[in-house]
Amino acid sequence: MTAHALQFRRATRADVDALVALIESAYRGDVSKQGWTTEADMLGGRRTGPEDVQACIDRPRSAILIAERDGGEPLACAHVAEEDGAGYFGMFSVTPTLQGGGIGKQVIAEAERLVREEWSLSSMRMTVIDIRDELIAFYERRGYRRTGIKKPFPYGDERFGLPKRDDLRFEVLEKPL
């Protein structure tokens, strides 16, 4: 891997297919198991689709950040949006074979910068499946705190995947910016 710095840009319609492939590779199927963020043991089916990604790109006060090197394929991405007066961080994906190398930390920092500096919001929130202890610990090391607010997992809505267990729910994490 070259030492070239990551560049960030906002996704456009032309990026939709590459983003769907990246997101699916980070969360679902055997490829996702090469990284540590996989949900493949908890969820089958899809993680996202072209219509979901396009909606994030088109929505006001919403962007999908892409991290790349030298204009190549997306190495990582994250959706940021304004929701209920705070930034929302989601759809966070890093190419599985590159996970653990610091790219994710840079993506989070850029997402926080955008929300704080460009949208003038004072906090960032996210929802994480609450049994993902290692992932929650990763976010806690970056200043996010568990709020204790739980949200039900949308069982029966295949847009969120096909659950392989019946105890899934989301917890809201939050960080002051």
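These legends describe close-up views of a predicted model.

Residues are numbered from 1 along each chain as its sequence is written, and side-chain values use heavy atoms, without hydrogens or water. Because the model is predicted, local features need pLDDT of at least 70 and side-chain atom pairs count only at pLDDT 80 or more, while totals for chains, interfaces and linings use all residues.

**View 1. Phe92 and Tyr139 form a tilted aromatic pair.**
The whole structure holds seven aromatic pairs. Rings of Phe, Tyr and Trp (its six-membered ring) pair if their centres lie within 6.5 Å; planes under 30 degrees apart are stacked, over 60 edge-to-face, and the rest tilted. Phe92 and Tyr139 are 6.4 Å apart centre to centre, with 45 degrees between the planes. The pair joins distant parts of the chain, 47 residues apart: Phe92 is in strand 5 (residues 86–94) and Tyr139 is in helix 5 (residues 133–141). Helices (H or I, at least four residues) and strands (E, at least two) are DSSP runs, numbered from the N terminus. Phe92 is buried at 11% relative accessible area, and Tyr139 is buried at 5%. Buried means under 20%, exposed over 50%, and partly exposed in between (1.4 Å probe, protein chains only).

**View 2. Five rings form one aromatic cluster.**
The members are Phe89, Phe92, Phe138, Tyr139 and Tyr144. The charged end of Arg142 sits over the ring of Phe138, 4.2 Å from its centre. A charge sits over a ring if NZ of Lys or CZ of Arg is within 6 Å of the ring centre and within 35 degrees of the ring normal.

**View 3. The largest nonpolar core has 44 residues.**
Such a core is a set of buried Ala, Val, Leu, Ile, Met, Phe, Trp, Tyr and Cys residues joined through side-chain atoms within 4.5 Å. Val53, Ile64, Val80, Phe89, Phe92, Ile103 and Tyr139 have the most contacts inside the core. Elements that each supply at least two residues include helix 3 (50–58), strand 3 (62–68) and helix 4 (103–118). Helix 1 gives the most, with seven residues. A second, separate core has six residues, among them Met42, Leu43, Phe153 and Phe170.

**View 4. Ser93 is buried in strand 5.**
Its relative accessible area is 1%. A polar atom of the Ser93 side chain lies 3.3 Å from the backbone oxygen of Met91. Beyond four places in sequence, Ser93 touches Leu22, Ile23, Ala26, Tyr27, Leu75, Ala76 and Cys77. Contact means heavy atoms within 4.5 Å.

**View 5. Cys56 and Cys77 are in no disulfide.**
The structure holds zero disulfides. A disulfide is a pair of cysteine sulfur atoms within 2.5 Å. For Cys56, the nearest cysteine sulfur is that of Cys77, 9.7 Å away. Cys56 is buried at 10% relative accessible area, and Cys77 is buried at 1%.

**View 6. Asp84 and Met91 have positive phi values.**
Neither residue is a glycine. Phi is about 55 degrees for Asp84 and near 55 degrees for Met91. Asp84 is in the loop between strand 4 and strand 5, whereas Met91 lies in strand 5. Asp84 is exposed, with a relative accessible area of 75%. Met91 is buried, at 13%.

Note on methods
A polar contact is a pair of N or O atoms within 3.5 Å; within protein, one must be able to donate a hydrogen and the other to accept it, and residues adjacent in sequence count only if both atoms are side-chain atoms.
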